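Please look over the sequence and the 3D structure shown here, and then follow the report below, which takes up the surface, the core, the strands, the backbone and the charged pairs in turn.

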Amino acid sequence: MVLQTLDRGLTILQLLSHERSAGMTVAQLAAELDVHRAICYRLVGTLDAHGLTARTADGRVRLGAGIAALAASYEPQLRRAAEPVLAGLAKQTTATACIAVAQGDVCIYIMSVESPDAVLHMSPRVGSRHPLSIGAAGIAILAARQPSATDTDAVNLARLQGYSITSGQLQIGATGIAAAIQPNRAEDLSGWNAEASVSVIGTAELNIPHAVTAVAAAADHLTRLAAT
């Protein structure tokens, strides 16, 4: 059973994550939640007290610094190792490089780096999610698991190739290429607990053979990289 107050508070954080620059008014949040403003004021007050939200000078609500502390504590070894690798991958492919992890049957993006040279950016928001069964990032994670009778043709093909390619599944005109990060293959990465994949997302102009090689190399590098 979902606790209504907790669910509403988490929904506020999700809404604010899509309005990182301007924030939202309490009236806007109340409308999104379909609750009275007084209830929303109490919810925001509690989040403020924990540093998860903050107010701007004009009273709008934004994510607070406490969110950064929570984010930094999630899979820190993976995040530290991935930052320079993603930056290099984005520049090398002129596409957006991402890290996604599995949570239940959902794929969640935890890191995203855009190429400074890309004319058009195709970027999932950090925190955005979709079923594991669609999109290159999720399919690559499923392909790294033991074979199952429920595996789709896409998962079986990704397992055979060592990478997944999808086009237009999550965003029209976007092509995704992903490979799994498999820390179980390296004892020095045994501290990584998440099932994860590294991917690039680009437009129709993406050089697929070049990107496949780059993504596979990045996944292999992250798999083998010793935690510091």
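Leu3, Leu6 and Leu10 together make a nonpolar surface patch of about 310 Å². A patch of this kind is built from residues with over 30% relative accessible area and no salt bridge, and nonpolar side chains (Val, Leu, Ile, Met, Phe, Trp, Tyr) are joined within 5 Å, whereas like charges are joined within 9 Å. The areas come from the Shrake-Rupley method with a 1.4 Å probe, and for residues only the protein chains shown count as cover.

Leu10 has its place in helix H1, residues 4–17, where helices (H or I, at least four residues) and strands (E, at least two) are DSSP runs numbered from the N terminus. With a relative accessible area of 45%, Leu10 is partly exposed, a class that lies between buried (under 20%) and exposed (over 50%), judged with a 1.4 Å probe and protein chains only.

The model is a predicted one, in which local features need pLDDT of at least 70 and side-chain atom pairs count only at pLDDT 80 or more, while totals for chains, interfaces and linings use all residues. Residues are numbered from 1 along each chain as its sequence is written, and side-chain values use heavy atoms, with hydrogens and water left out.

## The nonpolar core

The largest nonpolar core has 28 residues, and those with the most contacts inside it are Leu89, Ile99, Val198, Val200 and Leu222. At least two residues of this core come from each of helix H5 (76–93), strand S3 (96–103), strand S4 (106–113), strand S7 (175–181), strand S8 (196–202) and helix H8 (208–224). Such a core is a set of buried Ala, Val, Leu, Ile, Met, Phe, Trp, Tyr and Cys residues joined through side-chain atoms within 4.5 Å.

If neighbours within four places in sequence are left aside, Leu89 is in contact (heavy atoms within 4.5 Å) with Ala97, Val198, Ser199, Val200, Ala214, Val215 and Ala218.

## Paired strands

S3 and S4 run antiparallel and are joined by seven bridges, where two strands pair if DSSP finds at least two bridges between them. Cys98 has Ser112 in S4 as its bridge partner. The hairpin of these strands has two residues between them, and there Gly104 takes a positive phi near 65°.

S4 is also joined to strand S5 (residues 129–131) by three bridges, and this pair too runs antiparallel. Here the bridge partner of Val106 is Pro131 in S5.

Most residues other than glycine have a negative phi. Asp34, although not a glycine, has a positive phi of about 60°; Asp34 lies in the loop between helix H2 (26–33) and helix H3 (37–49), and counts as exposed at 70% relative accessibility. Thr94 has a positive phi near 55°, is found in the loop between H5 and S3, and is partly exposed at 40%.

## Salt bridges

A salt bridge is a side-chain nitrogen of Lys or Arg within 4 Å of a carboxyl oxygen of Asp or Glu, and by this rule the count is three. Arg145 forms one with Glu195, the closest N and O atoms being 2.8 Å apart. Arg145 lies in the loop between helix H6 (136–143) and helix H7 (153–161) and Glu195 in the loop between S7 and S8, so the pair ties together parts that are 50 residues apart in sequence.

Another joins Arg55 to Asp48, with 3.2 Å between the closest N and O atoms. Asp151 and Arg159 also meet in a salt bridge (3.0 Å, N to O); Asp151 is buried at 18% relative accessible area, whereas Arg159 is partly exposed at 24%.
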